[in-house]
Amino acid sequence: GPDGVDEAVATVRAAQPAWAATPAPRRAAALDAIAAEVEQAAAELADLMVHEVGKPATEARGEVARTVGIFRYFAQQALAPEGETYPSADGRSWLLTRRRPRGVCALVTPWNFPLAIPSWKAAPALGFGNGVVLKPAPQAAATAEALVGILRSHLPDGVVAVVHGDAETGAFLVSHPEVAAVSFTGSVEAGHEVAGRAAGRGAAVQCEMGGQNPSIVLADADPAAAAATIAQAAYGYAGQKCTATSRVIVEAPLYDELRDALVEAIAALPAGDPADEATMVGPVIEQEALDAALGALERTGGTVLAGGARGPGPGYHLQPTLVEVADPRDVLAQEEVFAPVAALLRASSADEAVALANGVRYGLVAAVFTRDLGAALPLMTRLEAGLVRTNAPTSGVDLHAPFGGSKASSIGPREQGPAARDLYTESRTITLGF
């Protein structure tokens, strides 16, 4: 509620100036120490994610390792050059820029990557001298508390706060007049509301939202290799990644062969208990998510080629589902389901495949599968996506490279890599006259 948000923001606002004044090498050392403690607690943190959000054990361990890498990377970024010099008008003065932290940063994060996403927001914010207030998704409250506990053990009192609650609490936070920057990851609808609230009062804002990510398979591609890669990208972690493959667009000469190979690859995916080391496809997060996915399958005009029903046993399991879709306006071809569901579409040519790929409101990730990079490169320049890949899964993010989409997938500057500095700092131009 508003009182809890006020208290959290006031606490961080009071502590942030001293943290900003802390020499950068000491801030970097704190991030390194956080990375070491996360690494030491890897088994416990991975187990917590398995039980709280149903993340398969192997993916949970990978997320912990990524989190360690994130803090180590931004420990070094805190020491990166922070300004430029310019010729002065009088030829005697010095004209230069430096970057300064914005102040209190609000981080509103989802449940699907409950450790990595808060970390790739908090690490640059803290490394550059800001204070942070984290508002995690209610489904991932325990993992957030575990992370905040580690942060607090290596940072001055008050530099990090956490507020729990629903969308109303998030609205109080992003609207707070003392919050200077907001970083949000979630749905398109919520992201637009966040951007409006923050930008409307002059705060810096960044929103990472949905994806309806295509994998284009050209006629010369290796069907077995493409199918194996796409199956993992579409159905790993039950498709609950903004970068998961949602649409498979296949050039006509390879369509039948790729369709059969993909159905075979889906059948081979280990599904079940996320605590089982072999599991790749666990449950969806909650009953509401399962109902929404089943509802989308009821509305589709396509033909189910694999899956299409609840999985066996207890929990919110949905079989990995592939639906052949003829109409690109079909719900499965247009809207993110955020479940182990993908649409299969036929394209008469590579040009039509690109048109189908671009024919949605999202633009996060796109992949092209081919043996001919010379043919792929012109297509890649035409794809409306923030990340474009060849012969690689749409899922997965490189922590040292900019991450973000186009169209309805993103608002504001990129996350991760050197680009993270753009949100969490602002440039100050300085003249030294003498």
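Predicted model: local features only at pLDDT ≥ 70, side-chain atom pairs only at ≥ 80, totals over all residues.
Local features were taken at pLDDT of at least 70 and side-chain atom pairs at pLDDT 80 or more, whereas totals for chains, interfaces and linings use all residues. Residues are numbered from 1 along each chain as its sequence is written, and side-chain values use heavy atoms, without hydrogens or water.

Helix α1 (residues 2–21) and helix α7 (residues 167–175) have axes that come within 9 Å and cross at roughly 40°. Axes are lines fitted to C-alpha atoms over the stretch in contact, with angles from 0 to 180 degrees between N-to-C directions; helices (H or I, at least four residues) and strands (E, at least two) are DSSP runs numbered from the N terminus. On the α1 side, P2, V5 and V9 meet T169, F172 and L173 of α7, contact being heavy atoms within 4.5 Å. This contact has 5 nonpolar residues, 1 polar residue and no charged residues (nonpolar: Ala, Val, Leu, Ile, Met, Phe, Trp, Tyr, Cys and Pro; charged: Asp, Glu, Lys and Arg; polar: the others, Gly among them).

Helix α7 also contributes two or more residues to the lining of the largest pocket, as do β6 (179–185), α8 (188–200) and α11 (287–299). The space in the largest pocket is about 1100 Å³. On a 1 Å grid over the protein atoms alone, a pocket is an open set of points with protein on both sides within 12 Å along at least five of seven lines, a cavity is a set where a 1.4 Å probe fits but cannot get out, and lining residues have an atom within 4 Å of a point. Grid points are joined across faces, edges and corners, and a volume is the space filled by probe spheres set on them. Helix α8 gives the most to the lining of the largest pocket, with 6 residues. The lining of this pocket comprises 22 nonpolar, 10 polar and 10 charged residues.

The second largest pocket, of about 300 Å³, is lined by 18 residues, with E82, R98, R99, R100 and P101 nearest its centre. Strand β2 supplies the largest share of that lining, 4 residues.

The largest cavity has a volume of about 100 Å³, and β12 gives the most to its lining, with 3 residues.
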